[in-house]
Amino acid sequence: MEWNSNNTFKTYKDMEPKAMMDMALIPNIDPVDIGLGSSEKGSVVPTSKPRKKTMTSVYLKYFETAPDGKTRRCKFCGQSYSIATATGNLGRHLSNRHPGYDKTGDVVTTSSVPQPTTPVIKKSQPQGRAAQVDYDHLNWLLIKWLILASLPPSTLEEKWLANSFKFLNPSIQLWPGEKYKAVFREVFRSMREDVRVSLEQVSSKVSVTLDFWTSYEQIFYMSVTCQWIDENWSFQKVLLDICQVPYPCTGSEIYNTLFKVLKMYNIENKVLSCTHDNSQNAIHACHTLKEDLDGQKVGPFCYIPCAARTLSLIIDDALRTTKPVIAKVREFVQELNASLDISEDFIQLTTAYQEGSWQFPLDASARWSGNYQMLDLVHKAGKSMDAVVRKNEEILGSRILLNGAEKNVANIVHNYLEPFYKVINEICVNNPPTIGMVIVYMDHISDTIATRQTPDWLKSAAEDMAKKLRSYNNQVCNIFIYMTAILDPRIKCELIPESLNSENYLEEARAHFMRNYYTSHFSSMTSGYSAQDIEDGGSVSFAEEIARKKRRASMSNVADELTQYLSESPAPTKTDVLEWWKVNSTRYPRLSAMARDFLAVQATSVKPEELFCSKGDEIDKQRFCMPHDSTQAILCIKSWTQGGLKLKYKSSEIDYERLMELAAAAAADNISAGFDKKQK
């Protein structure tokens with residue numbers, strides 16, 4: 001083994017054999033013969049230890065010593081151990097990994113032994129007892145780490161990381177970078193197929209959302225996420241793909257890329273809506289998709305602007321005049337977060353002045369949550385801020401002291417944005433928010449801007465805010481959004497904003513319901529007479545006439561499902577919408593089918609908290625820094641595993657729980673072996 005300096009090498013070389021043995025880490029964990037379809041766990045530590053004399057005479061013949069005299073290698077599987085490894089550990093290796101090794105006859109040679117590169121796996125199809133598998137624990141655990149941390153495989157090429165592993169165990173061999181990439185590509189393909197198969201089972205309509213970003217390599221990406229409500233009235237979502245949009249990245253390229261994704265998953269005829277990021281290119285792409293789907297007559301389709309991004313742009317207008325003030329306060333907050341002494345001063349002073357309780361670290365991000373925190377600090381703890389700055393003037397300087405005019409501006413904007421704060425909290429808590437409730441919130445924001453008295457220096461910003469809201473309202477005021485809104489039992493017709501409450505919309509909604517959900521879901525009831533009845537001259541029994549009269553009466557009642565639903569008072573605003581429909585689906589069997597489709601329509605193209613809170617900074621950083629050869633695979637795999645899918649390699653599930661059990665058992669085994677040696 002090579003080290004970067006002679007001194008380091010000498011220190012390692014002079015270690016006691018005992019320390020060498022204790023360094024046996026994850027790679028020395030022995031694979032266990034796992035019965036496919038079985039939950040039994042192999043034993044890692046034998047119940048009794050053979051005598052030392054027997055171990056020396058029996059076990060060593062199954063290992064060959066390396067030419068440098070520093071390691072021994074198993075003749076069955078090629079696993080390497082330090083020359084100082086106790087023969088008891090070698091015996092456990094043979095017992096656990098090669099049961100029946102003493103009955104194999106002639107000792108095997110290593111020339112035909114495969115290298116351990118396969119993980120502990122669970123086969124997807126139950127079979128009989130499996131053949132023994134080889135695997136590389138550490139490399140598969142590192143793959144899991146790269147996925148969870150959103151790091152590219154090139155991270156493992158850092159020589160000091162490799163040196164750290166070598167220090168723990170000189171026999172550790174990390175895969176080359178290209179192999180990690182190949183494994184990620186295969187895992188991506190395997191898991192994407194699982195996603196495709198799961199979507200085939202979805203019986204309702206689905207909605208999609210689009211998000212876009214540009215990486216440090218100036219590559220333009222689009223993520224496509226699918227949402228639906230399952231038969232148990234649970235909201236489901238899955239990332240379909242992360243795609244590079246080819247240059248020049250206009251609406252045409254976005255449309256072609258999006259349609260390929262929908263086609264790949266065979267859901268192009270199931271898509272009811274698409275929520276985009278408000279960019280002109282995305283709008284153009286969605287408009288082209290609508291024309292395409294309308295031409296194929298596969299059903300209604302609507303594209304919707306992102307309410308969260310609209311709110312974010314509106315808030316930016318309001319904060320325009322306070323940017324210098326917020327910058328000063330942010331500098332103060334960063335010093336508070338960095339210094340325990342200064343933060344303790346602040347806590348003591350806010351307690352003395354009764355200016356609230358503050359939890360550290362304070363949010364200093366440049367997103368909505370951080371900006372509002374800055375204004376809130378000035379509004380609620382202005383005296384404490386001044387006192388802390390004056391007490392620590394040598395460190396903080398007087399430059400971040402706010403004058404009276406600056407405090408006045410901050411307080412006015414804070415009060416002006418308070419309704420926005422409440423709305424954004426509601427949107428983030430009710431995840432995902434229904435589009436009906438978001439329309440109600442946006443209408444409230446519109447009223448707030450129109451009726452609030454504003455100083456002259458804020459009027460220009462207020463006009464720009466109102467203009468953006470009008471643009472949003474113009475895009476969402478249509479029959480599609482109306483139907484989505486009234487199917488929210490908290491809203492119905494009572495809370496529908498005036499701008500959306502057209503006289504014709506209710507009748508159009510009723511016609512859509514009858515046309516698409518009454519006849520298609522219950523086609524057997526749509527005709528009073530069958531073709532056979534007509535051939536028979538219409539001669540039917542008296543009993544059949546009575547039965548048909550009953551059916552026609554039932555159909556009349558069915559047509560009134562929407563009327564009956566809307567005639568009842570709206571549910572309380574805290575009601576769980578999907579739970580309400582789950583309970584009431586037997587009362588409205590056809591209308592509930594329509595609700596399952598339309599309530600999956602998304603008001604935002606991203607999770608609101610990712611846009612408004614500091615969590616979004618970490619996501620943006622990961623996306624921006626990810627190299628092109630890893631972006632699709634790693635980010636998709638991470639999303640899928642977080643959504644509950646098992647990480648798979650080809651047709652096999654990676655059993656990480658078992659890997660961790662083996663790692664823990666090996667660590668305990670090494671500790672025990674080291675203790676035994678000390679006793680001797």
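This is a short tour of a predicted model, stop by stop, with something to select at each one.

**Stop 1**

Start by selecting residues 340-353, which form helix α12, and residues 368-391, which form helix α13. Their axes sit 9 Å apart and the helices pack at an angle of about 125°. That angle makes α12 oblique to α13.

Now show the side chains where they touch. On the α12 side, pick Ile342, Asp345, Phe346, Leu349, Thr350 and Tyr353. Their partners in α13 include Leu377, Ala381, Met385 and Val388. Colour this contact by residue type and you get 9 nonpolar, 2 polar and 3 charged residues.

**Stop 2: the loop between them**

Stay with α12 and α13, and select the loop that links them. Pro361 is in this loop, and the peptide bond joining Phe360 to Pro361 is cis, with omega about 0°. Most peptide bonds are trans.

Ser365 belongs to this loop between α12 and α13 too. Is Ser365 buried or exposed? Its relative accessible area is 8%, so Ser365 is buried. Leaving aside neighbours within four places in sequence, Ser365 is in contact with Arg330, Gly370, Asn371, Ser614 and Asp617.

**Stop 3: the nonpolar cores**

Next, select Phe332, Leu417, Phe420 and Trp581. In the largest nonpolar core, which has 97 residues, these four touch the most other members. Helix α13, from your first stop, gives the most to this core, with 10 residues.

Zoom in on Leu417. Apart from its neighbours within four places in sequence, Leu417 is in contact with Ala318, Leu319, Trp368, Tyr372 and Leu375. For the second, separate core, select Val206, Trp213, Leu239 and Ile254, which are among its 65 residues.

**Stop 4: another helix pair**

Go to residues 418-429 for helix α16 and residues 435-451 for helix α17. The axes come within 10 Å and cross at roughly 175°, so α16 and α17 are roughly antiparallel. Phe420, which you met in the core, is one of the α16 residues at this contact, along with Pro419, Val423, Glu426 and Ile427. Across from them in α17 are Tyr441, His444, Ile445, Thr448 and Ile449. This contact divides into 7 nonpolar, 2 polar and 1 charged residue.

**Stop 5**

To find Pro248, look in the loop between β7 and α8.

Two more spots are worth a click for their phi angles. Most residues other than glycine have a negative phi. Gln218, in the loop between β5 and β6, has a positive phi of about 60°. Lys492, in the loop between α19 and α20, has a positive phi near 50°.

Select Glu186 in helix α7, residues 177-200. With 17% relative accessibility, Glu186 counts as buried. Leaving aside neighbours within four places in sequence, Glu186 is in contact with Tyr649 and Lys650.

Finish at Ser154, in the loop between α5 and α6. Ser154 is partly exposed at 37%.

Definitions and conventions: Residues are numbered from 1 along each chain as its sequence is written. This is a predicted model: local features need pLDDT of at least 70, side-chain atom pairs count only at pLDDT 80 or more; totals for chains, interfaces and linings use all residues. Side-chain values use heavy atoms; hydrogens and water are left out. Axes are lines fitted to C-alpha atoms, for helices over the stretch in contact, and angles run from 0 to 180 degrees between N-to-C directions. Helices (H or I, at least four residues) and strands (E, at least two) are DSSP runs, numbered from the N terminus. Angles under 35 degrees count as roughly parallel, over 145 as roughly antiparallel, 65 to 115 as roughly perpendicular and the rest as oblique. Contact means heavy atoms within 4.5 Å. Ala, Val, Leu, Ile, Met, Phe, Trp, Tyr, Cys and Pro count as nonpolar, Asp, Glu, Lys and Arg as charged, and the others, Gly among them, as polar. A nonpolar core is a set of buried Ala, Val, Leu, Ile, Met, Phe, Trp, Tyr and Cys residues joined through side-chain atoms within 4.5 Å. Buried means under 20% relative accessible area, exposed over 50%, partly exposed in between (1.4 Å probe, protein chains only).
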